[in-house]
Amino acid sequence: MDTDSIVVVAQLLTGLATLIVASVLIWQMVLQRKLLKIAHSDADNNLSMQAVSEKNAIRRWSAEKINLNMLEKLDEGIKSLDEYELEIFLTQMRCQEILTTTEWRLGRVGGNRDYYKAVFRAMLGRKAGLEHYKTLGRNHFLTANFGDPTLIEIGDEVYEEIVGETAK
């Protein structure tokens, strides 16, 4: 075999080796992409379970603190609450606001408007909740979402559906 033939064979072997290495790397990328999808799904499931757990903790805490008399006062508005009841109410609202903004920021349920509308309906279901949203809660949502106006738009929509006027 002459030198030119050896060079051609060497180049063919080098090309073949390069093709094999490239194929292995592509296969590894495909496997890594599958693993990333699984990890993302697991993280999303974990976030959802934590959110549900937090919502349940807030509900349990509220159920322990709120009695029938306080529920009637919540229907009458914030001014009917005594100092202790007001603190319970504001704590519950802050917890819900923080959880909702965190869920939104982390992209829980893909930003599904219907999910967040249901959350706002629960928060604004009594007169005190509506008053709180208009005076304090709306401002929390404005400042807590790092300039994303969508969540406040959803809250304003729900407020307007319930009250018939804008919250601004």
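Which side chains meet in a salt bridge at 2.7 Å, N to O? They are those of Arg-138 and Asp-156. The pair links distant parts of the chain, with Arg-138 in helix α5 and Asp-156 in helix α6, 18 residues apart.

## Basis of the model

The structure is a predicted model, in which local features need pLDDT of at least 70 and side-chain atom pairs count only at pLDDT 80 or more, while totals for chains, interfaces and linings use all residues. Residues are numbered from 1 along each chain as its sequence is written, and side-chain values use heavy atoms, with hydrogens and water left out.

## Salt bridges

A salt bridge here is a side-chain nitrogen of Lys or Arg within 4 Å of a carboxyl oxygen of Asp or Glu. Side chains of opposite charge can pair when their charged atoms come close. Across the whole structure, eleven salt bridges are found.

Lys-117 forms a salt bridge with Glu-157, and their closest N and O atoms are 3.0 Å apart. Lys-117 belongs to helix α4 and Glu-157 to helix α6 (residues 150–163), so this pair ties together parts that are 40 residues apart in sequence. Lys-117 counts as buried at 15% relative accessibility, whereas Glu-157, at 28%, counts as partly exposed. Both residues also belong to a network of salt bridges that links Arg-113, Lys-117, Arg-121, Glu-157 and Glu-161.

Another salt bridge joins the side chains of Arg-108 and Glu-103 (2.8 Å, N to O). Arg-108 is buried at 7% relative accessibility, and Glu-103 is buried at 2%.

## The loop between α3 and α4

Gly-107 is found in the loop between α3 and α4, and Val-109 is in the loop between α3 and α4 as well. Phi of Val-109 is near 50°, a positive value in a residue other than glycine. Val-109 is partly exposed, with a relative accessible area of 35%. Gly-107 is partly exposed too, at 34%. From Gly-107 to Phe-141 the separation is 34 residues in sequence and 15 Å in space, C-alpha to C-alpha.

## The largest pocket

The largest pocket holds about 470 Å³ of space. Of the 21 residues that line this pocket, Gln-92, Gln-96, Val-119, Ala-122 and Met-123 are the closest to its centre. On a 1 Å grid over the protein atoms alone, a pocket is an open set of points with protein on both sides within 12 Å along at least five of seven lines, and lining residues have an atom within 4 Å of a point. Grid points are joined across faces, edges and corners, and the volume is the space filled by probe spheres set on the points.

At least two lining residues come from each of α1 (3–65), α2 (68–76), α3 (83–105), α4 (113–123) and α5 (127–144). The largest share, six residues, is supplied by α3. By type, the lining has twelve nonpolar, six polar and three charged residues. In this division Ala, Val, Leu, Ile, Met, Phe, Trp, Tyr, Cys and Pro are nonpolar, Asp, Glu, Lys and Arg are charged, and the others, Gly among them, are polar.

Val-9, Leu-13, Leu-16, Leu-19, Ile-20 and Val-24 form a nonpolar patch on the surface, with about 540 Å² of accessible area together. Such a patch is made of residues with over 30% relative accessible area and no salt bridge, with nonpolar side chains (Val, Leu, Ile, Met, Phe, Trp, Tyr) joined within 5 Å. Areas come from the Shrake-Rupley method with a 1.4 Å probe, and for residues only the protein chains shown count as cover.

At 48% relative accessibility, Asp-42 counts as partly exposed. Asp-42 and Leu-12 are 30 residues apart in sequence, and their C-alpha atoms are 45 Å apart in space.

Methods
1 Å grid on protein atoms, 1.4 Å probe; cavity = no way out; pocket = protein on both sides within 12 Å on 5 of 7 lines; lining within 4 Å. Helix = DSSP H or I, 4+ residues; strand = E, 2+ residues; numbered from the N terminus. Patch = residues over 30% accessible without salt bridge, like charges linked within 9 Å, V, L, I, M, F, W, Y side chains within 5 Å. Buried < 20%, exposed > 50% of the residue type's maximum accessible area, 1.4 Å probe, protein only.
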